Amino acid sequence: MVGLVIVSHSKKAAEGIFELAVQMAGKEHRIVAVGGMEDGSIGTDAVRIQQGIITANDGDGVVILADLGSGILSSETAIDLLEEDIKVVIADAPILEGAVGAAVEASIGGTITEVVEAAEAAKQLSKLI
């Protein structure tokens, strides 16, 4: 199953998005929330993201969803720090809606490409009818 890493500057935001995504993905999931710094302050930590990638990986790859630009930069650094060969893609998607879509696609056995596409499709969703 493709794993997901939710990267937010806020621990609470990452955990909330994780909670929603897990509700959609079911009990069998590879979703990891990496929010804030080790001491609980606001920020992103490449080493913690790297650990999240390793935890989320089961061999099918990992998709990262991040909230802000520096979260992307920290995620790119985390990928560079990996010592093992893990396919990782950073989705260009809204973090909440993208995480839910990605979680559903991963839970039904989607490939890493399909999971990224599901996350990125969230950019086109209209919330108003």
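**Close-up views of a predicted model**

S70 is partly exposed, with a relative accessible area of 35%, where partly exposed covers the range between buried (under 20% relative accessible area) and exposed (over 50%), computed with a 1.4 Å probe on protein chains only. The structure is a predicted model, in which local features need pLDDT of at least 70 and side-chain atom pairs count only at pLDDT 80 or more, while totals for chains, interfaces and linings use all residues. Residues are numbered from 1 along each chain as its sequence is written, and side-chain values use heavy atoms, with hydrogens and water left out.

View 1. S70 belongs to helix α3, residues 69-81; helices (H or I, at least four residues) and strands (E, at least two) are DSSP runs numbered from the N terminus. Not counting residues up to four places away in sequence, S70 touches H9 and T44, contact meaning heavy atoms within 4.5 Å. With H9, the side chain of S70 makes a side-chain polar contact at 2.6 Å (a pair of N or O atoms within 3.5 Å; within protein, one must be able to donate a hydrogen and the other to accept it, and residues adjacent in sequence count only if both atoms are side-chain atoms). The C-alpha atoms of S70 and D45, which are 25 residues apart along the chain, are separated by 9.8 Å.

**View 2. Strands β1 and β2.** Strand β2 (residues 31-35) is largely enclosed by the rest of the structure, because four of its five residues are buried. Strands β1 and β2 run parallel and are joined by five bridges, pairing being assigned if DSSP finds at least two bridges between two strands. Within this pair, L4 stands opposite I31 of β2.

**View 3. The buried side of helix α5.** In helix α5 (residues 112-121), the buried residues are I112, V115, V116, A118 and A119. These residues lie on the same side of α5, because they cover an arc of only 160° around the axis, the arc being that of the directions from the helix axis to the C-beta atoms. Their cover includes β1 (3-8), β3 (62-66), β4 (88-90) and α4 (95-107).

**View 4. The largest nonpolar core.** This core has 21 residues, and those with the most contacts inside it are L4, I6, I31, V63, L65 and V115; a nonpolar core is a set of buried Ala, Val, Leu, Ile, Met, Phe, Trp, Tyr and Cys residues joined through side-chain atoms within 4.5 Å. The elements giving two or more residues to this core are β1, α1, β3, α4 and α5, and the largest share, five residues, comes from α4.
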